[in-house]
Amino acid sequence: MAAPINPTAPIAPPIDARAERAQARREARAVLLRRPGFLIGMVILGMWAVFAILGQAITPYDPFNDFSLGHQPPSAEHLFGTDRLGRDVLSRVMFGSRDVLIVAPLAAILGVVVGTLLGLVMGYNRGIIDDVLSRIVEAFLSLPVILVALLTLVVLGSSTLVVVLVVGILFTPIVARTVRSAVLAERQLDYVTAAKLRGESGLFIMAREIFPNVRGPIVVELTVRFGYAIFTVATLSFLGVGIQPPSPDWGLTVSEEYTNMISGVWWATLFPALAIASCVIAVNLIADALQSVASE
Amino acid sequence: MDYSRLDRVRRSASPQELDLVESFAQGRITRRQFIKRSAVVGLSMASVSAVIAACSNTPSATTPGSQLPAGSASPGASASGSAAAGGTIKIATQRPAGPLDPIGMQDLSAYGLIAQSFEFLAAMDPATGDIGPGLAESWSPNDDNSVWTFKLRQGVKWQDGSDFKGEDVVETMKRLVAAGNAGIKGVIDANSTKVIDPATVEFTLVSPNGNFPYLVSVFNAQTCITPAGYATGTTLDGLANGTGPWKMDSYDAQTGAKYSRNDAWWGGKTPLDAVEWVFFDTIGPMVTAYQGGQIDAIVQFDVLTGAALFNDANFTVNAARTSNHRQIWMRTDTGQFTDVRVRQALAYSLDRDAMIQQLFKGQADLGNDHVIAPLYPYFDPSVPQRTRDVAKAKQLLADAGVPSLSATLHVAQLQEIPDLAVLMQSQAAEAGITLTPAVESLDTFYGAQWCPADPKDPPCSGAAELGIVDYGHRATPDVFLNAALQTKGVWNSSQYSNPEFDAAFVEFQKAVGVDAQKAACKKIETILNNDVAIAVPYFYQFLSGNSKKFTGVYSSALGQMFVERASQVA
Amino acid sequence: MRRFILRRVLLSLVTLWLLATIVFIIANVLPNDVGRTILGPFAPQASVDALNERLGTNDPLLEQYARSIRSLVTLDFGNSFVSGQPVIPQLGAAIGRSAKLAGLALLLTIPVAIIAGLYAGRRRDRLADRAIVLLGVTLSSIPEFVIGTFLVVLVGVQLGWLPVLAMIPDTAGPIDQLRFLLMPALAMAIVYFGYIARMTRAGTIEVLESDYIRTATMKGLTTGQTMRRHVLRNALVPTVAVIGVQIGYLFGGIIGVEKIFNYNGMGQLMLFAAQRKDIPMLQAGAIVVGIVYMVATLTADLIIAWMNPRARLDQDR
């Protein structure tokens, strides 16, 4: 499991006027909408979001309580076949987007919010606070995210809330490091020095001067984290410590069914696995577009 | 019927033996049950054959144990083709969850590894699947089952070269009593075991028990006999010893264990040279490994994951009926299930046949909301089987004044149990009962829902009002009855307390003879079926198996796979 | 240079201490009964009490913490709670297996990924570039347990080309071992291809756009010469950095892949130790993974310094 890093995070140029920033945002939006990757990503993600919101209202069968013959191959009746208990795989894959699309964004937001705060404080203050926090960040980063998440979830026991907290907190140091390096570059610039000379407080400078200028990398980081959150939650569910049954969550379904692939039952594993892949690819396409627009 | 032959046996028989012979002669128990019981009361094999021959129209046409026995799995030992001497068998098992400590171990994998080197007073007889002579050659009780005398096998040596003696048995039993072994707890105490002479050990029980030999047999896995000087906490890999056919060469907790032949074994030279146990975390890779030719046998697998093995012409699947079951407990003292009608309603909403089909593809026995599994010889089938009746369930709920009911169903992330919870949720919904499954990790489930340590008295009084807990195979139902159902039992999560039941249980333990045991069981079954402190939907089969390249492999339903008689097909 | 290395090593020691503390806190954050976890819910209380006494898990937390820090200093982690065997040999065997697998995975992925990245970087925004970027994103998006399962069924079971599980017999020679390791290594290599290729591409683009390359081109050097003399060395800086970090994670074990191929590397070891509350094993494992990570990143930094002397070593990282 790769903990994502982003050593070449783009750094937004400092622009003073608010109007200029608004103008830049409009332009960026226009550029984004012309990128096919961004559009494809949005369509796929939008589709999963619709499935997640409408849930049982649009699934062809009841994803939980409709049992027919177990492990039937795909047919006209069951397009994706049935699972071990005879439930419709298509319905479960559709409904399976719900849990992950709640857990992953929450975890990403938590990680980015806390990480940004930490990064701002570390980057702006330097000194002893930075040194201490940097050590702790480094210690966390030296272990694979999945391993630490696993350890914590085994100890704490899995519930949706705990999964969100653990994944979010584990993303924090990674975000903090990215934000810190962006802030370090900013704090030497004239506008920060000017604000200091004006006698502004550190809090004000961080919140009103530096933050708006590092918002670009933070937005990119948020999308990237969202993708990794889906990946991480799916992997944790596969390892049995993420989302718990009877949820039709994709990672969980793969872990429940993958051993049956040996007996030739590939459909119960393949479709949820493809769903995971499509969802992460969609988010990554969006993140990729955002990143290249931000660096232009 | 050949009465003269029967009489010869009758004249020399003890009261328990006589009772058994009569039960069989009068057709009250089946031949299979007769063979099983005769091993317990110590009737000699010669007498058993004589009785069977006497009672059969075609004498000696069938050999005992030709059917697939219960509680065990033994493949057709008839080796077609010549057997080649030598070779190694590779056995797949789950990675042990704890140290290879013969006294403290608690998981099936450790049971299997220990049973390669250590032996029991009563071993498993591959022919019947029941207990048979082991380190004890024979045993017999006194008239009221309170004193049991075991005759020890002579000339047995420990792998370190010293002699096996009665003192070894006495010290082993003391250690087991000190460790609180669940099987012998309350049956013997530290002073119960005595050496009478070098070939005889005597057990004076705290309370009479007709099933005692089971409690010191392979079916109570911790009762393997360890040397007199063995310190509690010693592990097999720390000190490779035992009286058994295999000597441990190496053990790596991550990957597996290796054994080679013990040339000094009392049973003679094993056909195979060596045994290798290979560890896996899950069953899926075991199946893959078998298909890839990397292992030869699987200690245990489940129906769904092992589906491919059933269709494999080169693989022998051994399905053994067991008392493995799930208990759906409902708190009888507090919460929404205190009214017996509510508990019955939930039991009536269950579609047990559908569960057995969907979860086990039919490889399970129906449960009737009590713990007397159909494989026990004293199971009484006359108690009516509860079947699904949604209308009745609704009626019972209405009578109890709860037209609708919602409850959280607590389960652990273990084997088929989450799926069982899903099926229950769906089936109960039709009777107007809304169940919400809450699946938790093993630690959380056992520690917070099933039997929290606090409050201590009565035990499990902190349990959730509804949940499903797993119970493994036991050769006798005593542990299920005393721990889960007796008033103040240590695992009594439903807080069930019924003096009538407690009395019936005592009657069962004291019962001398099959008839008396069966009569007591009928009471137990009737009471439990009516009270539904626990619902028991099924007893599932234990599945193990091996490649047809090997014959003579047999296994218990406790993860013990025995290969001392196994050989490779040339 | 020496000062830099000394500083990094000292800081690493502090980080290791923090790491041990974090693991200790996680393992002890909830009141738990180690003996009960190991022996299971149905074990008699007497056995559980005896085990807890023997393991010393009833001792005051501070005493246990002191013990675990002492084991960090002496590098003697004692015996596993679960198997009762010494921790170090088990850990050594597992890290050896992880190293073998990680090494093969890197060997498979690095050359291909670097070539793909350089190629894409030079053809920025053309079809080949788009294709490589998309492929990289896609492959690194699919969790490795999914890729692993598809490989097992397709290559192992259906085609029968390679052994389905990475269970290497003791007697296997190097070639034979390779056969067992190829599939899991491939599953890991596929995931890492995306990271490394994208990093190389980004580095290449940055260098190609820099002034000194423009100068070189104007001086009349051919593209091939420019690539060899200037681009490669500088463009690979971020690639080396990312490989350094990923090695740390690879050694930490790719649990999904290990689980599917039943390979007993660090991942399975740590997963099992976490589930069974095997604290000595967890702690030792975390420290070993931490050390590998630090050595790998430090080595990467030194290589970067050698490749690009202008990179100041003691600058803020």
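Predicted model: local features only at pLDDT ≥ 70, side-chain atom pairs only at ≥ 80, totals over all residues.

## Helices α4 and α5 of chain A

In chain A, helix α4 (residues 97-125) and helix α5 (residues 127-141) have axes that come within 7 Å and cross at roughly 135°. An angle over 145 degrees would count as roughly antiparallel, and α4(A) and α5(A) are therefore oblique to each other. Their crossing is left-handed.

On the α4(A) side the contact is made by L118(A), V121(A), M122(A) and N125(A), while α5(A) brings G127(A), I129(A), D130(A), L133(A) and S134(A). Sorted by class, the residues of this contact between α4(A) and α5(A) are five nonpolar, three polar and one charged.

## Helices α5 and α11 of chain C

In chain C, helix α5 (residues 87-122) packs with helix α11 (residues 237-251) at an angle of about 150°, and their axes are 9 Å apart. Because angles over 145 degrees count as roughly antiparallel, α5(C) and α11(C) are described as roughly antiparallel to each other. The crossing in which α5(C) passes α11(C) is right-handed.

The residues of α5(C) that make the contact are I95(C), S98(C), A99(C), A102(C), A105(C), I110(C) and I114(C), and those of α11(C) are T239(C), I243(C), I247(C), L250(C) and F251(C). By class, this contact of α5(C) with α11(C) holds 10 nonpolar and two polar residues, with no charged residues.

## Helix α6 of chain C

Within α6(C), the buried residues are I132(C), V133(C), G136(C), V137(C), L139(C), S140(C) and S141(C).

## The contact between chains B and C

Chain B gives 32 residues to its contact with chain C, and chain C gives 35 residues. On the side of chain B that touches chain C, α6 (166-179), α8 (283-291) and α14 (442-450) of chain B each supply at least two residues, and α8(B) gives the most, with four residues.

By class, the residues on this side of chain B divide into 12 nonpolar, 15 polar and five charged.

Terms used: Residues numbered from 1 in each chain as written. Chains lettered and ligands numbered in written order. Axes fitted to C-alpha atoms, helices over the stretch in contact; angles between N-to-C directions. Parallel < 35°, antiparallel > 145°, perpendicular 65-115°, else oblique. Left-handed = near helix turned anticlockwise from the far one by under 90°. Contact = placed C-beta atoms within 7 Å. Nonpolar A, V, L, I, M, F, W, Y, C, P; charged D, E, K, R; others polar. Buried ≥ 20, exposed ≤ 12 C-beta atoms within 10 Å, placed from the backbone.
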